Amino acid sequence: MANSTFLCKEINFTKTGKAGKNGINKNSYIQLLKSILHSLRIEMEEKNIHIINSKTHENIIYTDEKIYFDNKEIIELIEKEIAENIKKYENIDDKENRLKILKQFQDAKSAIAKKTDIKTLDKLLDDNLDTTELLKKLNLVNDKRTIKTLENYITLKKERDEIKTETRAYQNQTLVKEIIFKIPEGQSLNIKNEDWITLQNNFLKNYFKEYKLHFSAIHCDEGTENKSHLHMFLSGFNHIKNDFDINEKIFSDMNKKYSLNLDYNKVEDHKIAMRKFQEDFYDFFNKELKLLNYKDKIELKTYTTEDEIKKRLKIKKEDNLTITQKHTKLINQKISETLEKMEGEKPKILKSEVKENSTFLNKKTYKLELETETKEEMKKVVDSIKNYSKISNFVKDLEKEKQDANNKYYILKSDATNKINYLTSKEDELLLKVKKLQNELSDTLKYKNEIVKIEEKNKILKDVLEKNTHIKISDTDIDSNLDNTITQKRNIKDEEDKKFIAEELKRIKDEREKLAKQEETPQRDIKDEFEEFKRNRKIEKNK
């Protein structure tokens, strides 16, 4: 089992970044996009000599949501989510209500301050103690008045913490945090790609579970050793609190976990919290390595000798080099390697520097300045390196600086034009639909007038038919086949009449027989009675 050193680097990207040399801000939003482009290997035409193009296909791009077939989709999604988070962050509650809550909070704070120390109380509230426990810790009298004052302060403090202030702006907030895990060259530990994913997920769950992982990239195409390293891009937005508080999170966690009693506003306390986090992280990481069956451990290297301190300062200096400076260093290394292979006396290089050559059509080119003691030596150097393909590419165009920003501008401009054209076409479609609906409405009104006229005619027809047929006719009958309807109703009425006549005949016959037996008088002819019945029936019908 061996101990290896370990690089864990954080970069906090904000909207404007921090002022740097030459008027260029460090860690700004533009540099965030540049870092993402680099990690996703989107602009491979830049000819980065520190990237081994033949190994780029081994890189792994990981997200916790879905697989993207086009890495540019990831950038679009990140920018969209950042915009949405900023909108949530800047959302301000009703001003009048906010002022009311702030005033009530100040009154409650003044009331409880008469009984106990506010700072001590606020620290105890972070431990989620109940009212009884708070009274004991603060040595307060357990009576109704004190309890009411304490609980009122706690309630209003929560409300105060939830509301937003008018001065809340996102420009200096950490929008995205990039974290890099890397095993330096010369170390025995070598982590597999699938284990990087496991370590990453457990690390985020342990320290940053409230923050979304935009994506991570495992790079296998850099460095002289066959080792991969990990880049993680975390949202700085706490989705539970709706706040960009990712930097406060570690300070707060370490302060609470180890009972450090630190003040967030003191610089020295921040250093203490970060040292504690470093120790905590190394313990966590070594436990994870053990679970993954790695025999090696990572150690927090202490530099005691002068050589070790110089080596550490050199590493730190190189870590802060820009991409152009890193390319300069690598180009010098390649020149030295090429000159070593030369036969005879080696030329002495007095100066080797990369400088900006010109800017034309938003494209920057660079030149490699070499200086030797004699022209003959210069000729030897040029002859030795002119066929080296990567150096040739590097001299032609070392890096298209700020090209990503220009590309982004043109992409946004193109997208805006496309959206305008799309909305214009949609507007034309809507106008056509409105015109069509207007025509349909006009036709509908025309049909409505015709229907009214038809209904009036139907009413007249209905009255005439009812008068002549003595049959009740409904509106439905008018709309359907009128002839069939009248025929059906007549047939029904005829059947009813026949049935009624038969019953009446039988009734008259029965009564006649009965009367004949009782009175023994001559019977009237039944046919005469039936004729009389028919006459009466006709009179009733006419009525």
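Predicted model: local features only at pLDDT ≥ 70, side-chain atom pairs only at ≥ 80, totals over all residues.
Visitor: OK, D280. Where is it found?
Guide: In helix α9, residues 267-291. Helices are DSSP runs of H or I with at least four residues, strands are E runs of at least two, and both are numbered from the N terminus.

Visitor: Is D280 buried or exposed?
Guide: Buried, with a relative accessible area of 6%. Buried means under 20% relative accessible area, exposed over 50%, and partly exposed in between, using a 1.4 Å probe and protein chains only.

Visitor: What does D280 touch?
Guide: Y207, M254, K257 and Y258, not counting residues up to four places away in sequence; contact means heavy atoms within 4.5 Å. The side chains of D280 and Y207 are also joined by a polar contact of 2.5 Å. That term covers a pair of N or O atoms within 3.5 Å; within protein, one must be able to donate a hydrogen and the other to accept it, and residues adjacent in sequence count only if both atoms are side-chain atoms.

Visitor: Switching to α8. Which residues are buried there?
Guide: I246, K249, I250, F251, M254 and N255. They pack against β4 (176-182), α7 (193-207), β6 (229-235) and α9.

Visitor: And what comes after α8?
Guide: S259 follows, with a positive phi near 50°.

Visitor: How many aromatic pairs are there?
Guide: A search of the whole structure finds 20. Rings of Phe, Tyr and Trp (its six-membered ring) pair if their centres lie within 6.5 Å; planes under 30 degrees apart count as stacked, over 60 as edge-to-face and the rest as tilted. F215 and F233 have ring centres 4.7 Å apart and planes at 10°, so that pair is stacked. F215 lies in strand β5 (residues 213-219) and F233 in strand β6, so the pair ties together parts 18 residues apart in sequence.

Visitor: What about F277 and F281?
Guide: They form a tilted pair, 6.4 Å centre to centre with 40° between the planes. Both are buried.

Notes
Residues numbered from 1 in each chain as written. Heavy atoms only, no water.
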